[in-house]
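Me: I've got a model open and I'd like to learn how to read its contacts. Can you walk me through it?

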Amino acid sequence: METLLATLHVAGWAIYAGGAVTMEWVLRYAQRTMPPSQTAVVCKHAGSRYRWFALAALVVTGVTGLLLLLTLNDGDLAGRFSSPELSLHDPYGRTVVLLGVAWLILLAVLSSMAFWLHPAQARRSKPEMSKEEIQAERERVGRAIKRMEWALRTELVVSLLAVGLGASLHAGGLF
Amino acid sequence: MPTDLDTWLHIVYAYLHDIAIAVYIGGAVAMEFVLGPAQGSIPPAQAQVMGQKTADRFLWLVWGSLSLIIVSAFFRLQHMGYITSDWPFLESGLALSEDYGRTIWTMFALWCVLCVNGAIMTFYLRPRLAGRLKAGTTAAGVQASQQAKMEAAKWIERITRADLVIAVFIALLGASLKWGGLL
């Protein structure tokens, strides 16, 4: 059971962090060679699928991480490198708390992308709008695109840091 | 924060290993289930260009992560004392008679399968997909070339899916090592 939970945990964060790296490193690179109109279409389709994959992966990571934490016992910890303790007085406990904080930040960033920035990016001006309204709509979409870029970079950095925190648990924690 | 080099090395090897696995699995999922379908939303000619660009870039990620996985795995095992500098170089924990050893060797064999699949895609299937038609090619030649490209694309899709399943199984084996191995 613990092996299955650990596998789901690994698959969850692998899909999440690896997906973020791939979107940045592969999709952005391919976008540069595409006409702007098609870039928008590809972004819309890739973004609408990616947000659900990323959200599902993040939820699986959080739930399995919590279950794995609940199955931890002193005997298990004592057999590990540097014999850590699940307490705030020990780097292991503090690192676990930091991982929880990183997970919450990622959930907030991803939720903002999925439910606010992505729909805002997809908004289009309507024929009955006045010139000022169309201009205002374009500016809103422009702001949403900029915020989305910030959100994607924040997500990438936090997810890579979270993997580092997780990796440090093998050695008894980082802080 | 850890103060000794030994602990830092332990963390760095684990981090590089975890990131490489994440890039391999997450990258394959993103290519298969996010970028692939998104490619279908643009005209075929542009989709082909996008497919080539994304696949070229993704292959760099694949080879980079496969290399990093094996190098970091080697250093982790060495750091944990399973690999030594004296003959026969491997400690008894890595023997096939041990669950841990069998699991590690199965992971290594599956990593070799991923490398072979990666080589087939990089050096055989990808060049077929990227092949250009020469001026004066007959209609039959054009059709044969299109057929070959479609076949190559199908095989790339099949191999990518197989690789994804294998990589997740490797992750399962890796996760089981904490409890002494699975096999």
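Reply: Let's start where the chains meet: 42 residues of chain A and 44 residues of chain B are in contact, contact being heavy atoms within 4.5 Å. A bit of housekeeping: this is a predicted model, where local features need pLDDT of at least 70 and side-chain atom pairs count only at pLDDT 80 or more, while totals for chains, interfaces and linings use all residues. Residues are numbered from 1 along each chain as its sequence is written, chains are lettered from A and ligands numbered from 1 in the order in which they are written, and side-chain values use heavy atoms, with hydrogens and water left out.

Me: How much area is buried between chain A and chain B?

Reply: Buried area is the accessible area (1.4 Å probe) that two parts lose on being put together, summed over both. Here that's about 3900 Å², and carbon and sulfur atoms give 77% of it.

Me: And how many salt bridges are there between chain A and chain B?

Reply: A salt bridge needs a side-chain nitrogen of Lys or Arg within 4 Å of a carboxyl oxygen of Asp or Glu. Between chain A and chain B the count is zero.

Me: Which element gives the most to the side of chain A that touches chain B?

Reply: Helices here are DSSP runs (H or I, at least four residues), numbered from the N terminus. The elements giving two or more residues to that side are α1 (2-31), α2 (36-71) and α5 (131-168) of chain A. α1(A) gives the most, with 19 residues.

Me: Is B:Trp111 buried or exposed?

Reply: Buried means under 20% relative accessible area, exposed over 50%, partly exposed in between (1.4 Å probe, protein chains only). B:Trp111 has 16%, so it counts as buried, whereas B:Phe108 is partly exposed at 36%.
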